[in-house]
Amino acid sequence: MKSNKILYIVIALALFNSACKKALDLNQQGVYTSDNYFRNEADAVKAVSGIYSLLEEEDYIGHAECTFDVPSDDYWRSGDHGEDEGIENLTYDASNAAIRYPWKWRYEEINRSTNCIINIPKITAISADVKNRSMGEAYFLRAFGYWRLMIIHGDVPIITEDDYSKQLFNVPKSPIEDVRKQIESDLKQAISLLPESYGPADRGRVSKGTALGFLTKLYMYWEKFPEAIATGQQVISNAHYALAANYQDNFTRANENSTELLFSIQALQSVVQNDFTVYYIPRPWGGYGFSQPLQGLANEFEANDSRKAATLLGVGDQIDIGDGKGLTTFTADLSATGYVFRKYAVFNSAAAGGGVDHTFAVPLMRSADIYLLVAEALIRTQGAGAGDALINQIRHRASPLLKPVSGAGMKELIHERRVELAGEGERHQDLMRWDKDKIVDIAAIYNLPISKAPIDQSKNVVFVRPKNYYFPLPQVEIDKSKGVLIQNPNF
């Protein structure tokens, strides 16, 4: 997105009973509430922009949500956040700060979205196209909030429009089946309302393809494989969501224009910092040095797979960090594991002032993910080889030197998802859903020495079934509910 980066800048909206005064003793100039704010098309657009702005929150998608992938065998948490160690080693409890942080932002996203869903239909001074688009965005973003709650916690409270209108927010958990149905309903609404694509002024908004992609993911977690195939094919067959010509194109400054980015976090240099990117970059280069890739991930790449060089920086590799000194060599002191994620190490040129590039659009979902989910669904319903064509499209795009698969089963599919989506928050959740179906043994994988090499290999990470399939609800939320919320089993 170029001219409309305002989507991701925190909008100064007074949607929640806030007032505006020029000075302490002057008459109040205006009060906005949900009842009187939604007057025209501009108000609707700004209200929806206020939902998008939450994606930049450091304690939500900006960083905290990434913590839920650190138990995986792809990377070490690093950093100085003690709460992350408990998540990584599966020793967390309901008081863990990483579990507490994003909860409120997920529900803030749901609340802001519901506010728009209730009030935008009341606006008369608005074009049909903008009204439909805005409603579609609100339905999608509400579904996304519930999606994150569902895959992290399982059973969670559903706040209905009636609850919202009555300001009734302390409600019991709903079963995961009902949460899935809520997400499905919202995504189907979004699909019916959103456009297929946008012009330059509106790039970055969610599209019909975004909603179709997440509906495909929902059906995979729900194990509704025929539905996943049918929905995912609508993404794969649409040129608006085509794979980028080169894998590395998804991780460059220009990637905001990529058709492959179905959903992304975008920011604006010197206005809104993209914390997601900063966390992956070494401290001496202007980042925080978290989430360092492990040797086991590096070993997973095949010899001719160019995705390795696009994904990882290893000792001896070189990169321009925009300091005006040309190429900088990555040295062992920059990472305890010997690697960092190159795909997130994006810098401004020296001529542009150098430093971390905050205009880089961080992918939250790419079309490649959907290709591989459909391939998986085909394999699991039709048998080995049914997903070959889709897997080979991904492999050929990665490198023409990679040998095509033939008769690929789940082993090959699991490999492809790991290397294609490395560091994009999919690995731990993938392993858990495969473990539930006895396709993999997640406990054994997490206890392999290479899983945390060269970090402390003496740690015994114990994955307990079914306890560790979901994280607990934050204890503070249980306490505030006065008995309405019931903690997940085993916590």
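Q: How many disulfides does this predicted model hold?
A: A disulfide calls for a pair of cysteine sulfur atoms within 2.5 Å. By that rule the count here is 0.

Q: Is Cys 66 buried or exposed, and on what value?
A: Buried means under 20% relative accessible area. Cys 66 has 13% relative accessibility, so Cys 66 counts as buried.

Q: And Cys 116, buried or exposed?
A: The cut-off is again under 20%. Cys 116 counts as buried because its relative accessibility is 1%.

Q: Which residues touch the most other members of the largest nonpolar core?
A: A nonpolar core joins buried residues through side-chain atoms within 4.5 Å. In this model, the largest has 127 residues. Phe 140, Phe 144, Trp 147, Ile 183 and Phe 263 touch the most other members. Helix H5, residues 128-153, gives the most to this core: 14 residues.

Q: Which residues does Trp 147 touch, leaving aside those up to four places away in sequence?
A: Its partners are Ile 183, Phe 214, Lys 217, Leu 218 and Tyr 221.

Q: What does the second core include?
A: This core is separate and has 12 residues. Among them are Trp 285, Leu 313, Ile 319 and Phe 347.

Q: Where is Arg 307, and is Arg 307 buried or exposed?
A: Arg 307 lies in helix H12, residues 307-311. Its relative accessibility is 0%, so Arg 307 counts as buried.

Q: With which side chain does the side chain of Arg 307 make a polar contact?
A: With that of Glu 416, at 2.6 Å. Beyond four places in sequence, Arg 307 also touches residues including Tyr 247, Phe 301, Ile 394 and Glu 420.

Notes:
Residues numbered from 1 in each chain as written. Predicted model: local features only at pLDDT ≥ 70, side-chain atom pairs only at ≥ 80, totals over all residues. Heavy atoms only, no water. Buried < 20%, exposed > 50% of the residue type's maximum accessible area, 1.4 Å probe, protein only. Helix = DSSP H or I, 4+ residues; strand = E, 2+ residues; numbered from the N terminus. Contact = heavy atoms within 4.5 Å. Polar contact = N/O pair within 3.5 Å; in protein donor to acceptor, adjacent residues only side chain to side chain.
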